[in-house]
Amino acid sequence: MKTLIRMAVTAAALATVAAACTSSTGESPAPPKKTTLGAVRLVAYNSCDDMLAGLREKAAANVGPWGFGGVMPLTARAEDTAAITPNAKTAVPEHSTTNVHEAGVDEPDLVKTDGNRVITVTGGTLRVIDTATRKVTSTLKLTEGDERVFAPADLLLSGDRALVLFRGFGDVMFKASRVPYADTRYVLVDLAGEPKVLSTVKPQGTYVDARMVGSTVRIVTRSQPDIPLPQPKEETSEAERIKANQAAVRQAPIEAWLPKIEITDASGAVRNDTVACERVSHPADYTGTSLLTVHTLDLAQGLTTAGTAPISLAADGDIVYGTGTSLYVASNPRWWSVVPMPIEDTPDAPPAEEPTPDEPKPSPTIPPEETEIHRFDVASPGPPSYVASGKVNGRLLNQYSMSEHDGHLRVATTLTSADGRNSSSTLHVLKADTLAKSGEVGGLGEGERIYSVRFIGPVGYCVTFKQVDPLYTLDLRDPAAPKVTGELKITGYSAYLHPGGEGRLIGIGQEASEQGRTLGTQVSLFDVSDPASPRRLSQLFQKESGSEAEWDPHAFLYWPKTGLSVIPLTQQNESGALVLKIDDSGVSKLGMIKHPAQSGQDYQPGIQRSMVIGDTIWTFSQEGIQVNDAATLASQAWIPLR
């Protein structure tokens with residue numbers, strides 16, 4: 001047993017905290033404890049020996065009876081405005097692109113288009129669809145062997161090169177599942193003629209996220225040390241398990257931590273590389289149980305080009321945010337951790353005493369809610385260079401909780417008290433060059449947590465929720481003194497906020513009763529032209545429904561030219577895509593797009609993505625692609641993907 005399955009544990013802990021935040025009680029629980037945090041120095045190891053000693057010490061102190069993470073392994077089950085691309089050639093129809101956080105910084109998604117072609121990967125097969133004929137012109141199988149292989153994949157597209165990122169789960173998750181999963185790997189495909197694989201990178205670890213500027217992609221992966229731990233007998237106590245695991249960690253070679261990369265070229269020749277010791281750094285405080293690796297791949301030059309050697313950090317991370325010049329990796333608090341048993345001073349020290357039958361066993365303890373953030377400079381080609389690290393109190397919601405502007409990073413977090421009974425949110429402003437604190441404004445949504453954040457230039461918007469939805473407007477012009485300028489309280493909440501033009505903000509979320517019970521999808525249009533007095537101009541409500549756009553902004557389409565907007569919608573008896581018109585005055589429903597029920601099914605496939613190409617709307621599900629007239633919503637074509 002090498003590692004633990006974190007997702008189920010993390011989700012359970014978050015659900016507990018969420019329940020605590022939304023419970024109603026007459027008592028006044030103690031507010032979350034704050035600590036003073038700031039810049040965190042990141043340093044390189046002096047040598048491989050220094051690195052090995054440090055990693056052994058830290059990892060041994062953090063290994064638990066069941067491995068790295070400290071809980072018993074579980075059996076897991078798998079369950080900015082859409083940019084308008086100008087017509088470089090008259091033959092290329094006007095089209096939308098992936099809804100991304102920062103203009104000019106592309107994000108991996110399920111489907112990509114250049115106007116003439118649509119590229120998607122489903123079931124491990126890449127397909128190219130011609131937008132003029134609306135037919136699949138070529139396919140390329142990217143998974144081999146068992147047809148049951150589950151191969152979730154994202155795409156990036158640059159010219160005639162597509163990068164397919166298979167989101168394998170490595171050793172961290174789903175190893176106990178009977179369903180075979182594709183490994184984490186990055187496949188470069190040439191689309192100039194018949195699609196063909198140019199090269200493949202198979203890193204050690206799990207894919208976190210990626211960003212692309214121009215044709216240069218930065219990919220973040222997370223790995224744990226490859227240390228075989230002893231298999232104890234069933235009657236072995238937890239204290240004995242920990243001691244045995246610590247002994248194994250202390251004997252592990254440096255190769256157990258150094259991430260490995262396997263590169264295969266078009267001819268099938270394989271080259272194995274390892275991240276060099278001198279390319280691994282660490283913050284002052286780290287666990288030794290996780291490494292982050294940043295790979296740099298230039299799609300125009302190919303994956304095997306020299307000068308793109310990866311760099312690694314002895315740190316953890318699960319949220320990636322990028323601009324044209326910066327890449328940020330943030331590590332949220334480790335909810336799955338427990339306080340480890342004290343590490344003995346020497347290998348010959350006596351074993352820890354077993355608790356007597358009358359003594360309570362150590363109970364899991366939630367560590368302080370502190371989010372660590374690392375910044376890298378990606379302005380130049382080649383590998384990124386480290387700039388700074390910092391810490392803030394609390395937990396990030398997602399990448400939209402971060403925004404770099406005018407030399408500063410704005411970070412919005414929610415801090416929950418140790419007993420889980422109270423919470424509040426804070427907007428932190430950090431200097432981008434050092435990630436030291438410039439200023440902050442707190443007290444947002446006392447007893448609530450953040451549901452959405454959006455930064456637009458020097459202004460920020462934050463939604464917190466428990467029973468009602470306060471939409472806060474924030475003035476961030478003075479980094480040393482950010483301040484709340486306005487507040488709007490309405491029922492429900494917005495889980496995603498999107499710029500809707502000058503003085504307008506679009507919100508996608510849930511309507512709720514005055515007691516906080518969610519009722520169904522709502523789309524709101526806010527007037528934020530007066531920061532001191534935000535107001536809702538219009539609301540569209542779909543009873544007993546939900547939308548993927550609430551938690552995945554890539555599922556949201558907004559076409560500013562006409563005000564057309566499309567979101568996936570799931571209701572009790574049907575699913576499809578809700579088509580809206582959002583203009584300066586309000587939100588109105590134009591209709592629903594539904595994909596045809598497949599043979600043997602009595603429901604419509606769930607639509608995940610949509611895009612505008614010319615005067616048509618293209619919608620995508622796992623079953624196929626449908627083309628509808630953008631004006632009348634009449635169906636024009638169905639392209640099956642199975």
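Asp160 counts as partly exposed at 36% relative accessibility, where buried means under 20% relative accessible area, exposed over 50% and partly exposed in between, for a 1.4 Å probe and protein chains only. This is a predicted model, in which local features need pLDDT of at least 70 and side-chain atom pairs count only at pLDDT 80 or more, while totals for chains, interfaces and linings use all residues. Residues are numbered from 1 along each chain as its sequence is written, and side-chain values use heavy atoms, with hydrogens and water left out.

The side chain of Asp160 meets that of Arg117 in a salt bridge of 3.0 Å, N to O, the term standing for a side-chain nitrogen of Lys or Arg within 4 Å of a carboxyl oxygen of Asp or Glu. The pair links distant parts of the chain, 43 residues apart, with Arg117 in strand E6 (residues 117–122) and Asp160 in the loop between strand E9 (153–158) and strand E10 (161–166); strands (E, at least two residues) are DSSP runs, numbered from the N terminus, as are helices (H or I, at least four residues). Arg117 is buried, with a relative accessible area of 16%.

## Other salt bridges

The structure holds 22 salt bridges. Among them, Arg211 pairs with Asp209 at 3.1 Å, N to O, and Arg211 is buried at 3% relative accessibility. Glu440 and Lys437 form another, at 3.6 Å, N to O, with Glu440 partly exposed at 33% and Lys437 partly exposed at 43%. Salt bridges that share partners also join Asp109, Glu548, Asp552 and Arg609 into one network.
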